[in-house]
Amino acid sequence: MVRRLAPTSLAAALVLGSSLLARVAAASPPEHERSAVELRVSGRVIEAGGERRGVAGAVVLIVDAPASARPGKRAHEPLDPDAIAWMRRAETDTEGHFVIDEVPAGKVRVVVVAPGYTRFEQWAALDGASGTDELDLYIRPDLRSDYRTVVESEPEPDYAVEPEHVLDGQQGRGYAGSGDDPLLAAQNLPGVARSPLGLGLIGFRGGDPREAGLYVDGHPVPRAFHVLPIASVLSPPMVAQVQLSPGNYSAAYGSFGGGLVEIESRPGGREGIHGQAHLDLFDFGTTVSGAVGKGSVHVGVRRSHVGDVLRAIDALPVGSPHFWDYLARFDYPLRPGHELTVRALGAGDRLTDDELFDFGASFHRFDLEYRRSSEDWTMLVSPSLRLDGSRLIRGNSELRRVAEVYSLRAAFTRRTQLPWLKLEFGSDLVVERWRRQQRVEQVFYTFDGEQVPYAEPRVDNSRGDQMRLGMWFGVPLELGAWRLVPAARANLFAYSGYPQLRLDPRVDLRGPVHPRVELLAALGMYSTPVVLVRTADSDLIDEDGEIGDGRADVPQYLLTYFEPGIQTDAEDRSSSATYVIHASTGVRVDLPWDLEARATGFWREGLPKTLDRTGRDPYYYGRRRSMGLELLLRRSLVSGVVDGWVGYTLMWARVDTEDGSWLPAVFDQRHNFVALLSANLPRGFRLGLRFRLVSGNPETPVVGRQIGSNNGRWSYRPIRAPRGTTYQPLFHQLDLRLDKQWVLDRTSVTAYLDVQNVYNRLYPEVWIYTSDWAERRSLIGLPIYPSLGVQVDF
């Protein structure tokens with residue numbers, strides 16, 4: 001599908017060329033005064049900089065030039081139509097190519113006019129030796145232009161139900177507070193909870209972040225962010241799109257009651273070799289893209305040095321973090337309508353403290369994808385293999401976990417002879433096989449000068465597997481301007497060898513009620529497994545753990561962030577499944593000045609489940625409920641000088657208990673306001689800001705203590721009030737970003753400064769109590785910190 005933006009500006013450029021051509025034709029001298037040699041001039045109008053994209057819809061003018069013209073130099077004096085003997089004109093195609101016939105040889109003036117770009121004028125010499133001349137014309141974007149013509153080839157979406165929020169990967173990199181990462185930028189959209197400590201937790205509409213699905217190119221990944229959550233596991237230059245579905249999502253995915261995150265990687269370009277290199281205070285990396293025969297390749301690698309930087313400025317509270325990631329993809333058209341893609345991606349982290357622990361985790365994934373499209377059919381088949389590994393060394397204990405994850409996705413779309421009817425169906429399968437080993441070394445203590453064994457060495461081994469299988473069927477109906485998508489998905493869960501079968505009906509409706517107003521509505525059931533876990537004795541982070549001479553009151557969401565799979569696995573036959581019901585209705589309005597407004601009301605209901613356990617009390621998985629309103633006012637980058645959005649979420653989130661009482665959910669953030677704006681300034685500058693105002697999370701405060709004595713030694717245990725008795729204070733933060741870009745014909749250089757928490761508000765994320773739990777002080781969150789970097793596109 002070809003999409004043109006700002007046709008008014010394109011028409012203005014064509015009128016300019018046509019009027020100039022008319023004036024020149026009226027003033028042209030007789031034919032015998034022109035050059036006797038006429039040429040065919042072809043070429044391409046290219047956007048200057050690293051990627052060197054072709055500019056579509058540009059008007060190319062070639063006019064005669066005086067004998068004093070200097071070929072290759074810019075033409076600075078204004079063009080005088082009355083002094084021109086002749087002129088030729090053409091318009092570029094979707095790839096920026098143009099052809100002009102019957103051009104007299106000799107010195108000429110080349111003029112290029114394109115909406116959204118600065119006017120190009122340069123002298124050239126056409127010698128006519130071969131009868132043709134080739135011109136590559138590099139024009140620079142005009143970032144201050146109110147209009148810009150963009151011609152995009154957009155593939156048809158894979159599935160009829162589209163995600164609620166779609167963020168362009170490269171656009172998202174330039175937003176303030178994102179640290180050059182599009183997934184971090186996407187966390188500012190309505191419906192996404194503020195992540196404490198800046199962690200890369202993605203929680204939708206008061207739900208548990210662990211219940212959200214995380215996918216890259218159609219297959220799951222173990223985590224969306226590195227352990228140090230300033231970076232996602234996919235290098236930013238490799239990200240094409242970030243898609244967020246806070247509630248209702250396509251039946252092509254399942255097993256997640258907390259929403260869906262989909263990240264799509266970028267294929268390589270098929271003209272020339274391009275790349276990008278960047279270096280900032282946190283990491284460095286590079287990408288290279290180019291053509292391989294009829295196909296393309298895109299490779300990117302990244303490695304951090306943030307641990308060294310933080311240690312140098314004495315800003316590490318604990319541990320020394322390091323991370324790396326890579327992605328390589330090869331796309332090749334086998335023949336028209338048939339395309340093959342091969343991908344390899346991976347990421348790894350290490351967090352160490354010489355006195356406390358050594359933690360590391362990594363994964364490597366290998367995909368094969370085959371796409372076929374014809375007039376009647378679209379088909380996708382993609383198998384994948386992922387290898388996970390994690391390790392934790394703490395004291396005399398070493399814990400290792402490895403897993404193989406097999407994934408398969410197949411999706412089909414059938415277009416019928418009825419123009420209003422299509423059929424979608426497919427299947428996806430995820431099988432994980434894991435092995436874990438805990439090795440404990442022998443411990444000695446000194447008694448009367450002798451080493452006496454205190455604990456015997458042991459090695460514990462365990463293994464298991466789990467499976468998720470889904471099959472779906474949808475019927476997208478085009479009812480005039482309205483689209484209705486009824487669908488159903490069958491899920492089979494097998495955790496610890498105990499299968500559970502669930503059926504998920506879903507429906508999505510959207511259509512116009514006015515030329516500028518669209519109504520949106522969705523309702524669906526989303527089955528999700530409920531799995532009881534056993535925990536290995538590792539204590540990477542302890543809820544009441546010692547820190548210095550005190551005790552850290554660590555929230556549960558921080559405890560489960562660090563590679564939960566290394567410490568927990570399913571208890572034998574202690575699993576089941578339940579439903580989460582998502583309902584939403586909203587309206588989208590196209591406003592003047594290219595503004596888009598959206599309002600969405602939602603209801604989320606997670607049904608309770610009780611699991612029986614052998615020799616133990618039953619486990620109650622409580623009801624989970626949230627409801628609220630999301631507001632979004634957004635302006636796209638391609639629309640002009642200013643882009644960004646203002647978003648607000650009003651929400652109530654509750655969880656019930658066995659005694660029938662209701663408690664606030666962990667991420668019950670009543671108000672969440674985000675303003676994220678960027679503006680293009682003169683001379684290649686760009687300024688952005690982000691302001692956040694968010695309600696604090698509910699606390700489980702310490703209201704007393706139990707005192708005991710053991711062999712004359714006093715011990716203290718906290719007594720806590722119910723969650724929600726108190727809340728953390730209101731969170732607010734301002735972030736600023738300034739970019740400066742220098743554009744050359746084949747290269748662009750961008751320097752940026754992204755400063756988070758500009759006024760250095762120290763927010764208490766964790767409380768530190770005295771060892772007897774009598775007094776407390778706050779352990780502050782992230783202070784003011786900058787991300788200073790440079791990016792080179794070539």
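Leaving out residues up to four places away in sequence, which residues does valine 60 touch?

Author: Quick housekeeping first: this is a predicted model, where local features need pLDDT of at least 70, side-chain atom pairs count only at pLDDT 80 or more, and totals for chains, interfaces and linings use all residues. Numbering runs from 1 along each chain as its sequence is written, and side-chain values use heavy atoms, with hydrogens and water left out.

Now to your spot. Valine 60 touches Val45, Arg88, Arg89, Ala90, Thr92, Phe98, Ile100, Val110, Val111, Val112 and Leu137, once residues up to four places away are set aside (a contact being heavy atoms within 4.5 Å). Valine 60 sits in strand β3, residues 59-64; helices (H or I, at least four residues) and strands (E, at least two) are DSSP runs numbered from the N terminus. Its relative accessibility is 0%, so valine 60 counts as buried (under 20% relative accessible area is buried, over 50% exposed, in between partly exposed, with a 1.4 Å probe and protein chains only). Take Arg88 from that contact list: arginine 88 is 28 residues from valine 60 along the chain, yet their C-alpha atoms are 8.3 Å apart.

Stepping back, the protein chain has 794 residues, of which 49% are buried, and carries five helices and 50 strands. Among its contacts with a separation of 6 or more, 66% join residues 24 or more positions apart.

Where do the nonpolar side chains gather? The largest nonpolar core has 32 residues, and Leu183, Leu244 and Val261 are the members that touch the most others (a core being buried Ala, Val, Leu, Ile, Met, Phe, Trp, Tyr and Cys joined through side-chain atoms within 4.5 Å). At least two residues of this core come from each of α3 (182-186), β11 (213-216), β13 (239-245), β14 (260-265), β19 (338-353) and β40 (671-680). The biggest contribution is from α3, which puts in four residues. Look at leucine 183: beyond its neighbours within four places, leucine 183 is in contact with Ile202, Ala224, Phe225, Ser232, Val242, Val261 and Ile263.

On to the charges. A search of the whole structure turns up 44 salt bridges (a side-chain nitrogen of Lys or Arg within 4 Å of a carboxyl oxygen of Asp or Glu). In one of them, aspartate 745 meets arginine 140, N to O at 3.5 Å. That pair links distant parts of the chain, 605 residues apart: aspartate 745 is in the loop between β46 (731-743) and β47 (748-756), while arginine 140 is in the loop between β8 (132-139) and β9 (151-153). Both ends are partly exposed, aspartate 745 at 31% and arginine 140 at 26%.

Next, aspartate 367 pairs with arginine 343, with the closest N and O atoms 3.2 Å apart. Aspartate 367 is in β20 (357-373) and arginine 343 in β19, so this bridge ties together parts 24 residues apart in sequence. Both of these residues are buried. Arginine 435 and glutamate 404 make another bridge, also with a closest N to O distance of 3.2 Å. Here arginine 435 belongs to β23 (422-440) and glutamate 404 to β22 (397-415), so the tie spans 31 residues. Arginine 435 is partly exposed at 32%, whereas glutamate 404 is buried at 17%. Shared partners also join Asp217, Arg343, Arg365, Asp367, Glu369 and Arg371 into one salt-bridge network.

Arginine 634, in strand β37 (624-635), is a case of its own. Arginine 634 is buried but has no salt bridge, and the nearest side chain of opposite charge, glutamate 596, is 5.8 Å away (Lys and Arg count as positive, Asp and Glu as negative; His and chain ends are not counted). A polar atom of the arginine 634 side chain does lie 3.3 Å from the backbone oxygen of valine 166.

Last, a backbone check. Glutamate 102, in strand β5 (97-104), has a positive phi of about 55° despite not being a glycine. Arginine 683 has a positive phi too, near 60°, and lies in the loop between β40 and β41 (685-694). With 73% relative accessibility, arginine 683 counts as exposed.

Terms used: A polar contact is a pair of N or O atoms within 3.5 Å; within protein, one must be able to donate a hydrogen and the other to accept it, and residues adjacent in sequence count only if both atoms are side-chain atoms.
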